[in-house]
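This report describes a few local features of one structure. The sequence and the model come first, and the notes follow.

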Amino acid sequence: MKVRFGDVVFDDESRQLWRSGTPVHLSLKAFELLSLLVHNRPTAVSKSDIQEHLWPSTFVTEGNIASLIAKIREAIGDTGHTAHIIRTVHGFGYAFDADVNGEAAAVHARAVKCVLVGETGEYPLRDGGNLIGRDQEAAVRLDFTTVSRQHARILVTDDGAWLEDLQSKNGTYVRDTKVCSAVMLSDGDQIRVGSSVLLTFKTLRPGAATTLEAP
């Protein structure tokens, strides 16, 4: 995926970063973190997800993540009072907030490998982050008073799908168990969002997966 924001061009396929036409070096971990944030935009990525992505099965302090964020901000010129590209979500994680130039970002198809089904409809889940909540931009928009604006998130990867509660007021439950940390989903899992909204997680059989153009 190749995207342009401001005077920066980011290409994770060629693993290159340019600013004002000049190549910019980022360490491997910093590049991977920037890629994670760009792919999940505009959804915030939790510190626990970042740690699992960059240092699987290894304990590191939050200071390591903050150090990488500082290096990324310096590399892309997102510093001082003009900082607006990498947003800090206090007590949670980070989000990529910059507007992406549609011409520089080749429109890419993201496979739909699973869906959520309920009385409110059927919701395709794309690769990457899928926000659940009342937010207008949510992939799974549930306009109920018992559902928080940014209630939960499902992260879909090649290895499976994980559900995480985003510190919602009324909680998220899988198999009648409250979600306190990221939970890997299985086909047929019952998910309760808030106090009343019930959804079923379903994986699409091989060969049935479809693609949707990324917004």
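## Terms and basis

Helices (H or I, at least four residues) and strands (E, at least two) are DSSP runs, numbered from the N terminus. The model is predicted: local features need pLDDT of at least 70 and side-chain atom pairs count only at pLDDT 80 or more, while totals for chains, interfaces and linings use all residues. Residues are numbered from 1 along each chain as its sequence is written, and side-chain values use heavy atoms, with hydrogens and water left out.

## The first two strands

In a regular strand the side chains alternate between the two faces of the sheet. Strand 1 (residues 2–5) has Val3 and Phe5 on a covered face, and Lys2 and Arg4 on an uncovered one.

Strand 1 pairs with strand 2 (residues 8–11) in the antiparallel sense, over four bridges; pairing requires at least two DSSP bridges between the strands. Val8 in strand 2 is the bridge partner of Phe5. The two strands form a hairpin with two residues between them, and Gly6 in the turn has a positive phi of about 65 degrees.

## Aromatic pairs

Rings of Phe, Tyr and Trp (its six-membered ring) pair if their centres lie within 6.5 Å; planes under 30 degrees apart count as stacked, over 60 as edge-to-face and the rest as tilted. The count comes to two aromatic pairs. The ring centres of Phe5 and Phe96 are 5.0 Å apart and their planes are at 85 degrees, so this pair is edge-to-face. Phe5 belongs to strand 1 and Phe96 to strand 7 (residues 93–96), so the pair ties together parts 91 residues apart in sequence.

The rings of Phe10 and Phe31 have centres 5.1 Å apart and planes at 35 degrees, so the pair is tilted.

Conventions. Buried < 20%, exposed > 50% of the residue type's maximum accessible area, 1.4 Å probe, protein only.
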